[in-house]
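This briefing covers selected residues and their surroundings. The structure comes first, and the notes follow, grouped by topic.

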Amino acid sequence: MLGPEWRRSIHDFYTYDGAFALRDALQDFTGGRLVVHVVDQPIKCPVAPLEFTFLAEAYLRARGLRDRVEIVYATPLPGAFTKPIASARLGSMLDERKITVEPDFLVELIDGDAKTLVSYDEREIPFDLLVTVPLNMGADFVARSGLGDELNYVPVDKHTLLSTRYDSIFALGDANNLPTSKAGSVAHFSVEVFADNFCQHVAGQPMTGSFDGHANCFVESGDGKGLLIDFNYDTEPLTGTYPLPGLGPFGLLAENRRNHWGKLAFRWLYWHLLLPARPIPLPARMSMAGKHQPAEEK
């Protein structure tokens, strides 16, 4: 990546400078093949590459360039997302927008001179503009400490966040290896469970809290619309309403303007309620209220 084409035709958006360089590249882009590429799992918020793809498609359409651009979404997953129902829904949205999904794509190298992605099974995807999403690694100091796994994550019990090797160490957020997404909602909900568990643990009492892997996320899909997904370790994103059964106001796996406005409202909640640690009326455990289960799962 870091050859002559870096920040010219090869980009990421995970740094301040990178985001601005990509903005300039998109403004100058007038046609060709745009490839959005996920290196491997885990990544930061798992819907971010999809959001960028949807928003880029809407942006190019608004500029009257959509017919001159081929968009490819290359992913190591077998589909658009990690969970089957959400993957089918998001995949159909990509199809509707004439975005090609290249599944099971495990990249071996980026040939900057030829402007081509090459996979281990020798598939090649040429690009004129590449946006790549890096593997999310744990911190270097975790690697130096000897506490981490091959990705620098501390192995923990997925329900208590207590280290599986040391009973005096908990690991939170991106420091641990929870088998769920590296999203802010996971950190938020898990820490709510952790706080009481920690107090019980240091007092020599059994921990009574159990984190269920709860995560939720708004997905911007362009044109002032969005989706909402809500899931945990055992239950994948389902259709329905959130947070109130039947009332919502947000639709799960439904593309509409309410979800877009919900994401904008959450931005205010994030800065004014979440970061100052003010309580919000959302339970840490995922609720099945308002969700529609497929018949075979009931």
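Leaving aside its neighbours within four places in sequence, which residues is Tyr-59 in contact with? They are Leu-26 and Gln-27, where contact means heavy atoms within 4.5 Å. This is a predicted model, in which local features need pLDDT of at least 70, side-chain atom pairs count only at pLDDT 80 or more, and totals for chains, interfaces and linings use all residues. Residues are numbered from 1 along each chain as its sequence is written, and side-chain values use heavy atoms, with hydrogens and water left out.

**Tyr-59**
- Tyr-59 sits in helix H2, residues 48-62 (helices are DSSP runs of H or I with at least four residues, strands are runs of E with at least two, numbered from the N terminus).
- Its relative accessibility is 31%, so Tyr-59 counts as partly exposed (buried is under 20% relative accessible area, exposed over 50%, partly exposed in between, with a 1.4 Å probe and protein chains only).
- Tyr-59 and Leu-26 are separated by 33 residues in sequence and by 9.1 Å in space, C-alpha to C-alpha.

**Ile-125**
- Strand S7 (residues 124-126) contains Ile-125.
- Ile-125 counts as buried because its relative accessibility is 4%.
- Beyond neighbours within four places in sequence, the contacts of Ile-125 include Arg-33, Val-35, Val-72, Ala-74 and Phe-105.
- From Ile-125 to Phe-170 the separation is 45 residues in sequence and 42 Å in space, C-alpha to C-alpha.

**Glu-108**
- Glu-108 belongs to strand S5, residues 107-111.
- With a relative accessible area of 43%, Glu-108 is partly exposed.
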